[in-house]
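Subject: Handover of a structure

Dear colleague,

Please find the structure below.

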Amino acid sequence: MRRWIAALFVFGLAASITGPSERPERICANYDEDRRLSRLKSFFETYDCPAREHAEEFILAADLHGLDWRLLPSIAFVETGAGKTSRGNNLFGWDSGRGQFPSVPHAIHWVAWRLASSPLYAGKTPEAILRTYNSRPRYAGLVLTVMNRLAPD
């Protein structure tokens with residue numbers, strides 16, 4: 001029951017951010033049976049990442065905003081070890097690491113929303129998003145490697 005309440009809250013929050021006319025590509029009522037969730041949890045557990053507590057939130061945010069489900073966790077992994085070195089709930093190194101968020105779920109959904117709807121990122125491939133996100137020459141390749149570790153394309 002608690003998970004449903006949280007999902008409804010997050011969906012309501014995301015709907016208010018994205019606007020009523022946008023529809024998510026895929027929303028699961030129960031992610032427990034979703035193979036992406038088990039892969040992500042296993043990956044985070046392998047590297048003892050604090051973000052493992054929020055694995056379902058990553059999948060939900062990707063689905064709500066039409067992003068590749070591997071993108072946000074991979075950015076978080078590269079930027080902060082998926083929470084090992086984060087400050088201010090900023091798993092993503094947002095704003096050169098200066099960004100502050102009220103909670104990790106808020107950070108996940110806010111960054112997903114920005115990557116999906118900002119003119120800087122919207123409509124781009126994951127590689128193009130990454131080149132805009134961090135212009136260092138090796139950055140996109142590093143995140144794409146992590147994405148492929150999570151699940152081959």
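Ala82 touches Phe44, Cys49, Pro50, Ala51, Ala76, Phe77 and Leu91, not counting residues up to four places away in sequence; contact here means heavy atoms within 4.5 Å. The model is a predicted one, in which local features need pLDDT of at least 70 and side-chain atom pairs count only at pLDDT 80 or more, while totals for chains, interfaces and linings use all residues. Residues are numbered from 1 along each chain as its sequence is written, and side-chain values use heavy atoms, with hydrogens and water left out.

Ala82 lies in the loop between helix 4 (71–80) and helix 5 (104–117). Helices are DSSP runs of H or I with at least four residues, numbered from the N terminus. With a relative accessible area of 0%, Ala82 is buried (buried means under 20% relative accessible area, exposed over 50%, and partly exposed in between, with a 1.4 Å probe and protein chains only). Ala82 and Asp48 are 34 residues apart in sequence, and their C-alpha atoms are 9.0 Å apart in space.

Next comes the nonpolar core, defined as a set of buried Ala, Val, Leu, Ile, Met, Phe, Trp, Tyr and Cys residues joined through side-chain atoms within 4.5 Å. The largest such core has 43 residues, of which Phe44, Phe58, Leu72, Ile75, Phe92 and Leu115 touch the most other members. Helix 2 (35–46), helix 3 (55–65), helix 4, helix 5, helix 6 (126–133) and helix 7 (139–150) each supply at least two residues of this core. Its largest share, 7 residues, comes from helix 3. Beyond neighbours within four places in sequence, Leu115 is in contact with Leu67, Leu71, Leu72, Ile75, Tyr121, Ala122, Ile129 and Tyr133.

Two helices also meet: Arg39, Leu40 and Phe43 in helix 2 are in contact with Val146, Arg149 and Leu150 in helix 7. By class, this contact has 4 nonpolar, no polar and 2 charged residues (Ala, Val, Leu, Ile, Met, Phe, Trp, Tyr, Cys and Pro count as nonpolar, Asp, Glu, Lys and Arg as charged, and the others, Gly among them, as polar).

Finally, Asn134 is placed in the loop between helix 6 and helix 7. Asn134 is buried, with a relative accessible area of 14%. Leaving aside neighbours within four places in sequence, Asn134 is in contact with Glu79 and Tyr139.

Yours sincerely
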